[in-house]
Amino acid sequence: MSEINQQRRKFLKTTAIAGSAATVPYFYSTPKSLADESTSKNDRMAIGVIGAGGMANGNMNAAKKWLDVVAIADVDKGRADKFNKQHSEGKADTYEDYREILQRDDIDVIHVATPDHWHTKPLIEAMLAGKDVYCEKPLTLTIDEGKLIRKVQKETGRVVQVGTQQRSTFPLFVKAMAMVNEGRVGKIQRVQAAIGGAPSCGAIPVVDVPKNLNWDRWLGPAPSVDYRLSENGKNTNCHYEFRWWYEYSGGKLTDWGAHHVDISNWALKLNGQTEGPLSIGGKATHPVEFKNGVAVDNDRYNTATSFQFNVAYPGGTEMVIRNDTDNGVLIEGDKGRIFVNRRKLVGAPVEELKDNPLPEDAISKVYRGMPMEHNERAQHWANFLHCVKTRETPISDVHTHMEMLNVCHLAGISARLGRDLKWDDANEQIVGDEEANGMLTRPYREGYEIEMKEAVVS
């Protein structure tokens, strides 16, 4: 390892950010920031990026003040080269196989921004390789993948931030959580996550694979199928549109559910309602027929286009997940209700803040006293890098993420089977339904299994 890289490693192991802004109420306060601490080239972290699409591009635009992109892995060479030019002036090393990045000891942190079905495998292997990881949401394709991720994270002690940046949006979502924490809505009776519906399409024809794309590796753990693209170029089973196929994602239930169900679950936890769900039931409409939980047609989008699910919790609390009303989170308590989304925070308890403002440290409390120098995506990355240095638990860790993502996955299983499910939260099992329990996991295609190696100790 070079002297510079040795210095960087020493810096990461020994540096802690002083003054965690425990009483700072809003993100625009000005304590010493992570950017201020990163004035030296040796202090900047080297990052390897796995998946060079739109999410990775936006994330690196937000985090480039603290990071140097030194390695990029993508199965689409065109995307890798474009990303390299945009974020590294073409100087980063590019790979088709992300495992080459994990072998490098000069890389401090990893960003996983692949399609959903490719999140778990590189995340686990990165942790075992001794890397801290910022991984896009939803973290998993199945509930059992989440069990394994949490196990490996506990055993390795790696810092993992999930890309649910609403947890770092201070004037809206975090402020709403502060109101809940301060008792402004009272005991929560009902939360609602409105996440919008999903598109449908007609049959998508099979076409030749683009020359820059390794289609077999893009499919990875998923079953081997033909590449499809519509004549107008809008519908495909590949880039971006993968989220409308259960083979690669969970549709809106895990795409936007990973945001708003997360906020709903956070509110319940802050309100002292820490027990997991008891059952889930409802209805969903799909663009194709399902038999035994599997889509009959494989030539078009198959995730639910509309739905409404009711999740029952101990004590009579209810969570509703639906597509057919204003996108956002509605929190209803015995003292009032508030509604929050990415544009507004409203409700009688919000109006009452004029005469009865929150305590100065209310927002910082729910952010666990960690620095708050930025907002939204940039802050979410700043929080991750802060925790890489201090070894604190980031604001969106794998354990709280999987608590809520299990609910999203259960909704997807209920949708595909067309029936209600009872849930044993302590054992993470569906009660009295072996077919449904069989959907807690999915087989990995041969050659794409998770490589469970001995963890690197650093």
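Okay, let's start with strand β2, residues 67-73: six of its seven residues are buried, so the strand is largely enclosed by the rest of the structure. Buried here means under 20% relative accessible area, with exposed over 50% and partly exposed in between, using a 1.4 Å probe and protein chains only. Strands are DSSP E runs of at least two residues, helices are H or I runs of at least four, and both are numbered from the N terminus.

Before I go on, the ground rules. This is a predicted model, so local features need pLDDT of at least 70 and side-chain atom pairs count only at pLDDT 80 or more, while totals for chains, interfaces and linings use all residues. Residues are numbered from 1 along each chain as its sequence is written, and side-chain values use heavy atoms, with hydrogens and water left out.

Back to β2. Its partner is β1, residues 45-50, and the two run parallel, joined by six bridges. For pairing, DSSP has to find at least two bridges between two strands.

V109 sits opposite D132 in β5. In a regular strand, side chains alternate between the two faces of the sheet. And β5 is covered on both: D132 and Y134 are buried on one side, V133 and C135 on the other.

Now the loop between β5 and α7, where we find L139. How buried is L139? Its relative accessibility is 0%, so L139 counts as buried. Skipping residues up to four places away in sequence, L139 touches H119, T120, L123, I149, V162, V398, H401, M402 and L405. A contact, by the way, is heavy atoms within 4.5 Å.

On to helix α7, residues 143-156. What caps the N-terminal end of α7? That's T142, with a side-chain oxygen 3.1 Å from the backbone nitrogen of E145. Just past the helix, G157 has a positive phi of about 70°.

Which residues of α7 are buried? I143, E145, G146, I149, R150, V152, Q153 and T156. Those buried residues pack against α6 (120-128), β6 (160-162), α15 (398-417) and β16 (421-424).

Next, the nine-stranded sheet. It's open, with mixed pairing, and the order is β15-β14-β13-β7-β12-β11-β8-β16-β17. At the edges are β15 (345-346) and β17 (429-430), each pairing on one side only. α15 packs on this sheet too, touching β8 (279-285), β11 (306-312), β12 (318-322), β16 and β17, and its direction makes about 55° with that of β8. Axes are lines fitted to C-alpha atoms, for helices over the stretch in contact, and the angles run from 0 to 180 degrees between N-to-C directions. Inside the sheet, β13 (residues 328-333) and β14 (residues 336-340) run antiparallel with five bridges, and E332 has R337 in β14 as its bridge partner.

Let's switch to aromatics. The structure holds 11 aromatic pairs. Rings of Phe, Tyr and Trp (its six-membered ring) pair if their centres lie within 6.5 Å; planes under 30 degrees apart are stacked, over 60 edge-to-face, and the rest tilted. W215 and Y227 are edge-to-face, at 5.1 Å centre to centre with 85° between the planes. W215 is in helix α9 (residues 215-219) and Y227 in the loop between α9 and α10 (252-255), so the pair ties together parts 12 residues apart in sequence. Both W215 and Y227 are buried. Then there's W218 with Y248, also edge-to-face, at 5.2 Å and 75°. Here W218 is in α9 and Y248 in the loop between α9 and α10, 30 residues apart. Ring pairs link W215, W218, Y227 and Y248 into a cluster.

Last stop is S230, in that loop between α9 and α10. Its relative accessibility is 11%, so S230 counts as buried. Its side chain makes a 2.6 Å polar contact with the side chain of N232. Polar contact means a pair of N or O atoms within 3.5 Å; within protein, one must be able to donate a hydrogen and the other to accept it, and residues adjacent in sequence count only if both atoms are side-chain atoms. Beyond its neighbours within four places in sequence, S230 is in contact with I204, P205 and N235.
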